[in-house]
Amino acid sequence: MNSLHARQGALLGDRLQALAPARLKGMRRGLEKESLRAQPGGGLALTPHPAALGSALTHPSITTDFSESQVELVTAAHAGLSDGAEAALSELTQIHQFTYRAMKALGDEMLWVSSMPCGLPTDETIPIGRYGSSNVGRAKSVYRMGLGHRYGRRMQTISGIHYNWSLPGVSSEEYFSLIRNFRRHAFLLLYLFGASPAVCSSFVAGRQHELQALGSGTMYMPHGTSLRMGRLGYQSDAQASLKVSYNNLDGYGASLQDALTRPYPAYEAVGIQNPGGDYNQLATSLLQIENEFYGTIRPKRVIFPGERPLHALRERGVEYVEVRLMDLDPFVPVGIAADTMRFLDVFLLHCLLTDSPPDTPQEIAALARNQHRVAARGREPGLLLERGGQEVSLTQWGAELIAQCAPVAAALDAAQGGSSYADALRASEASLRQPETLPSARVLDAIVKDHGSSFVAFARAQSLATRQTLLDLPFSGEQQARFEELTRQSLAEQKTIEAADSMPFEIYRQQYVSAERLGIRSLAHAA
C-alpha cells in the first residue's frame, strides 16, 4: 500500500508541477445558498416572497428554491485564489444584507440558519414557489408541485449551500474523473462540515426513521453529522433505482435521458393533471427534469434560455461542477466560512489530479452505504467504511486523504502567496483528530447545554443573532440603491416575459419535456 501511495504522490507532484500558476489563479467559484424564512417563534413563514426582493423568476441574485418560503441567494463566479473566495463571500454577505433589510421593513421574519427546517405546518400547507403567469414561470411551479407529490413537501424544505467550481482548460473527461474521485472521498466533507445532527420532531412526524429523542420536540443521532445527506434527506426509492455512472459524458447522458423519458408507474398514477384540470407534475417519467436528480455533485454548463441542461452538456461539454452536499454552518453568518471554501478548493483539485479508475455498480452501491453511514454515525469512534471491498476506519482514510492534499495546498499557496490553503488543511486535520470540535458536535453541545435540548430553540437563537449581525454591518446608500435597481429590473423583465407569451401552456409543457429537446444522438452517431 505504501509503494502505491508513493507512486500516487509522485504522479500528483508531476501533475501539480505541470499546472501553470496562471491556470491556478483562474480557478473560479460561486455560491448558492438556500434558507427558509421563519417566523419569530421558529415556525415557517407562510407569506409570499417579498416583492422588495424582486422577481424570483428573473432576479440574478435572489430567488426561491422549492418553497415560496425558501429564499435562495446566488453569487456570480469569482476567479482568483486569495481574492476569489473572499470576493464570493463578500458578494454573498451583501446579498444577505439587502435581503435582511427588505425583510425587516415588512416585519420580523428571519432566515433560518440550519439546513434542517424550522417548525413545519402540515405537508400540503407548505407553499410551493410561484413565478408568475408566463409559461416558464408556470412550469417552475408545476415542477415543484410534482416534487411535492413524489417526495412530500417537507423533504424539499431542507436547505444547503452549493459550491460551483471550475478550473481553466479542464476537459469534460477530466471533470468526470474529478466527479468519480469526489464521490469516493465525499465522506470526508460530510464528516468535517456536516452540521445537521438534530431536527424538529415535526419533520419526521408520521415517517419511519432511526432517530432518537433528545428533548421535547427534538430528534437526533448521537454521532450524526448530516441528517440532510442521510436517509431522511434527499432520498427516494425511485431514484435509488437509478444506477448513474460517471465514467464519461455519453454514459451519464444516456442514464439521465432514460430517467427523463421512461414512464414510471407510480408517477403515471399521479397523472399530469388532476380531474379539475390543475397540473400535478410536468411529466410522468422517473425524473420530470434534470434538476430532480439528486447527487452530491453535478456536472454543469450554463444554459441558453429555454435550453435543457442535458442538451447543453452534450452540445458544449462540462463547464463546472456543482458541489451539493454542504450543510449550512449555523455558526457562520452566511452559512460557509472562507477556510471551508479553501479546503474545498484543495479537495477538488486533489480529486482532479489523482488517478480515478472507472466506477462500477458495486462501487456505486458501496459509496451510497458509506454516505448513509457517515451521515448517521460519522463521529462514532472506530466507524468503518467500505473501500475496494475491504473495511477501513473513517479517521485513517480521512488522514490519508488530508496528507495527500498537502502538496496541493502548498501549490495554491505558492501561486498566491501566504499560507491560507495550508492553514485551512491544518485546521481540518485537527478536526479529524478532535471530533468534539466538528460543527455537528458543536451543534449538539449547544442544543443540550444552552437550549434545553431543543433544536428549534437553538436554531431560532442562532437565526436571531445572525440577523442582527448582518443588519449591523455597514451597508452604503449606494449598495442599497444598486440592489433596489436589480429589484426593479427583475420585475420589469418578468412582465416582459409574460407579455410575450402566446403559446398555450400545455403545448409549451409538451415541447419542453419532449425527448427531442435532450439532444438525443442517432444510434448510428452514438456508435
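**Glu109.** I began with the side chains of Glu109 and Thr47, which a polar contact of 2.6 Å joins. By polar contact I mean a pair of N or O atoms within 3.5 Å, where one must be able to donate a hydrogen and the other to accept it, and residues adjacent in sequence count only if both atoms are side-chain atoms. The Glu109 side chain makes another with the side chain of Arg37, at 2.8 Å. Glu109 sits in the loop between helix H3 (82-106) and strand S5 (110-111); helices (H or I, at least four residues) and strands (E, at least two) are DSSP runs, numbered from the N terminus. At 16% relative accessibility Glu109 is buried, a word I use for under 20% relative accessible area with a 1.4 Å probe, protein chains only.

**A note on the model.** This model is predicted, so I kept to local features with pLDDT of at least 70 and side-chain atom pairs at pLDDT 80 or more, while totals for chains, interfaces and linings use all residues. Residues are numbered from 1 along each chain as its sequence is written, and side-chain values use heavy atoms, leaving out hydrogens and water.

**Cysteines.** How many disulfides does the structure hold? I found zero, taking a disulfide as a pair of cysteine sulfur atoms within 2.5 Å. The sulfur of Cys200 is 8.2 Å from its closest cysteine sulfur, in Cys118, which is too far for a bond. For Cys405 the closest is in Cys351, at 7.5 Å, also too far for a bond. Cys405 is buried, at 2% relative accessibility, and Cys200 is buried too, at 10%.

Note on methods. Buried means under 20% relative accessible area, exposed over 50%, partly exposed in between (1.4 Å probe, protein chains only).
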